[in-house]
Amino acid sequence: MASEHSYKEYDLELEAVRAKVLKMGGLVEENILSAIESLKKDDVDLANKVIKIDEKVNGLEMEIDEDASRIIAKRQPAAGDLRMIISILKSITDLERIGDEATKIARTAIRVNENPNIKKIKIGEIKLMVEAVHSMLKTVLDSFARLDISKTIEIAKKDEAVDDQYRATIRELLTYMLEDSKAISVSLELLVVVKALERIGDHCKNISEHIVYAVKGTDIRHSTIKEMKKTIAE
């Protein structure tokens, strides 16, 4: 009975940590959308709110790190559960970095607002990237909640598409700057934003790989999509 009680207690502890990860993911998702909105509407108050919420994200990362470390020390989890905890610790690092990228976008909104010589950034130019990385984050958080690896390939392909969009946008911005010196300031700020979006896509892909490690016990980092398919199908 004591052993059964201990297992139930352990499961509750692990689920509590997973719940905190999803809470952290929800804050990060909200912050990405708010950061883009602050840029779109030239809203400094919203941009500052993003920066403030990122402090909560950082706090949650530290909490989860502490909780997971305590579980390892106290419970000495077996292989499967240990993989889950390692996956959680790696995932929260990526979520925290996604939060940092949202903050970079918010700070860009503030700089653009404060500098009268910079033209307002047109969000339409990066709309596809915004939609793609938001979709990736929603998908990967759902995958984490369900421990579902069926969307791993989809996320990897979307990350490749985001990388393609990033490179195309960079080429366009360089062309703008060469053709019109007045476009240099706004183009440099937009470069910060598209780089942040590209990095968010990378971090989402990383999280999907951590989930595969938790479920399958296989490290698929640096694998091709063909190799990923094989691992997931096994």
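Helices (H or I, at least four residues) and strands (E, at least two) are taken here as DSSP runs, numbered from the N terminus. On that basis the protein, a predicted model, has 7 helices and 0 strands, and along the sequence it reads α-α-α-α-α-α-α. Its C-alpha trace spans about 75 × 40 × 20 Å along the principal axes.

Because the model is predicted, local features need pLDDT of at least 70 and side-chain atom pairs count only at pLDDT 80 or more, while totals for chains, interfaces and linings use all residues. Residues are numbered from 1 along each chain as its sequence is written, and side-chain values use heavy atoms, with hydrogens and water left out.

Two packed helices are described by the angle between their axes and the distance between the axes. The axes are lines fitted to C-alpha atoms, for helices over the stretch in contact, and the angles run from 0 to 180 degrees between N-to-C directions.

Helix α4 (residues 127-146) and α5 have axes that come within 10 Å and cross at roughly 160°, which means that α4 is roughly antiparallel to α5 (angles over 145 degrees count as such). This crossing of α4 and α5 is left-handed, meaning that the near helix is turned anticlockwise from the far one by less than a right angle, whereas clockwise would be right-handed. Residues making the contact (heavy atoms within 4.5 Å) include Leu 128, Met 129, Ala 132 and Val 133 of α4 and Ile 155, Val 162, Tyr 166 and Thr 169 of α5. By class, the contact of α4 with α5 has 9 nonpolar, 4 polar and 3 charged residues, where Ala, Val, Leu, Ile, Met, Phe, Trp, Tyr, Cys and Pro count as nonpolar, Asp, Glu, Lys and Arg as charged, and the others, Gly among them, as polar.

Helix α5 (residues 152-179) also packs with helix α7 (residues 225-233), at an angle of about 165° and with the axes 10 Å apart, so α5 is roughly antiparallel to α7 as well. The crossing of α5 and α7 is right-handed. Thr 152, Ile 153, Ala 156, Lys 157 and Glu 160 of α5 meet Ile 225, Met 228, Lys 229 and Ile 232 of α7, and these residues divide into 5 nonpolar, 1 polar and 3 charged.

Aromatic rings also take part in contacts with charged side chains. Arg 18 lies over the face of Phe 144, at 5.1 Å from the ring centre, and Lys 90 lies over the face of Tyr 213, at 5.7 Å from the ring centre; a charge sits over a ring if NZ of Lys or CZ of Arg is within 6 Å of the ring centre and within 35 degrees of the ring normal.

Notes:
Parallel < 35°, antiparallel > 145°, perpendicular 65-115°, else oblique.
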